[in-house]
Amino acid sequence: MHNQKRTGISVALIALSISTPLSTYAEVTESSSLDFGTIVVASNSSVQRLSLSYNGNVSYSSGIYPITEPTRAEFILTGYPNDQRVFLSSSVSTPNSSSTGYTVEQFTLTDLSVPAVITTDSSGSASFYVGGTLTTSGNSGYYGDTAYSITYRVSINY
């Protein structure tokens, strides 16, 4: 098939927005990046979706086939107050992907998935995962065999 190309899709650029003042010791560390894996876009004649929730559930629409599995982003919080509720929200800063190689089409990150609230442990540490939904254009255009990246934002409030 003409449209069956192996396409590596990776959300690599992450921006964090800390919305409230943190102590000088509080840190947020990305332990793993949100990566939609390597996929084949077998059909782009209608919008296709790859969804990965923060709790690890994965679904593919009928025109997308996985070569390698997607992985959630993981963030580690340290130096926060003990047993503190932390509120999370997310937004897509730049919804359309950019790519390193030539390709006619780009992907769109249409949704992000984060838990609404987490609680730090007795040492002031916690972790959370980020997932999302990636869509194709649906206009029969060609996706090249290259890496794609998208920027998103996670806000942390307590």
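The accessible surface of the protein chain amounts to about 7,600 Å², 48% of which belongs to carbon and sulfur atoms; accessible areas were computed by the Shrake-Rupley method with a 1.4 Å probe, and for residues only the protein chains shown count as cover. The model is predicted, so that local features need pLDDT of at least 70 and side-chain atom pairs count only at pLDDT 80 or more, whereas totals for chains, interfaces and linings use all residues. Residues are numbered from 1 along each chain as its sequence is written, and side-chain values use heavy atoms, with hydrogens and water left out.

The protein chain contains 13 strands and zero helices (DSSP runs numbered from the N terminus: strands, E, of at least two residues; helices, H or I, of at least four). Of its 158 residues, 41% count as buried, where buried denotes under 20% relative accessible area, exposed over 50%, and partly exposed the range in between (1.4 Å probe, protein chains only). Among contacts (heavy atoms within 4.5 Å) between residues at least 6 apart in sequence, 80% join residues at least 24 apart.

In soluble globular proteins, nonpolar side chains tend to be buried together. A nonpolar core is defined here as a set of buried Ala, Val, Leu, Ile, Met, Phe, Trp, Tyr and Cys residues joined through side-chain atoms within 4.5 Å. The largest such core has 29 residues, of which Leu77, Phe128, Val130, Tyr152 and Ile156 touch the most other members. Two or more residues are given to this core by each of strand 4 (38-41), strand 5 (49-52), strand 8 (73-78), strand 9, strand 10 (108-113), strand 12 (126-135) and strand 13 (148-157). Strand 13 provides the largest share, five residues.

Aromatic rings were examined next. Rings of Phe, Tyr and Trp (its six-membered ring) pair if their centres lie within 6.5 Å; planes under 30 degrees apart count as stacked, over 60 as edge-to-face and the rest as tilted. In one of them, the ring centres of Phe107 and Tyr143 are 4.2 Å apart and the planes meet at 35 degrees, so the pair is tilted. This pair links distant parts of the chain, 36 residues apart: Phe107 belongs to the loop between strand 9 and strand 10, and Tyr143 to the loop between strand 12 and strand 13. Phe107 is buried at 1% relative accessibility, and Tyr143 is buried at 3%. The rings of Phe107 and Tyr148 have centres 4.9 Å apart and planes at 90 degrees, and the pair is therefore edge-to-face. Here too distant parts of the chain are linked, since Tyr148 lies in strand 13, 41 residues from Phe107. Tyr148 is likewise buried, with a relative accessible area of 2%.

Ser99 lies in strand 9 (residues 85-99) and is partly exposed, with a relative accessible area of 24%. Beyond its neighbours within four places in sequence, Ser99 is in contact with Gln106, Thr146, Ala147 and Tyr148. With Gln106 the link runs between side chains, as a polar contact of 3.0 Å. A polar contact is a pair of N or O atoms within 3.5 Å; within protein, one must be able to donate a hydrogen and the other to accept it, and residues adjacent in sequence count only if both atoms are side-chain atoms. The C-alpha atoms of Ser99 and Gly144 are separated by 9.0 Å, although these residues are 45 apart along the chain.

Two further polar residues are located in loops. Asn44, in the loop between strand 4 and strand 5, is buried at a relative accessible area of 1%. Its side chain makes a polar contact of 2.9 Å with the side chain of Thr136, and the side chain of Asn44 also reaches the backbone nitrogen of Gly138 at 2.8 Å. Ser53, in the loop between strand 5 and strand 6 (58-60), is buried with a relative accessible area of 19%. A polar contact of 2.2 Å joins the side chains of Ser53 and Asn55. Apart from neighbours within four places in sequence, Ser53 is in contact with Arg72, Ser113 and Gly131. The charged end of Arg72 sits over the ring of Tyr129, 3.7 Å from its centre; the criterion requires NZ of Lys or CZ of Arg within 6 Å of the ring centre and within 35 degrees of the ring normal.
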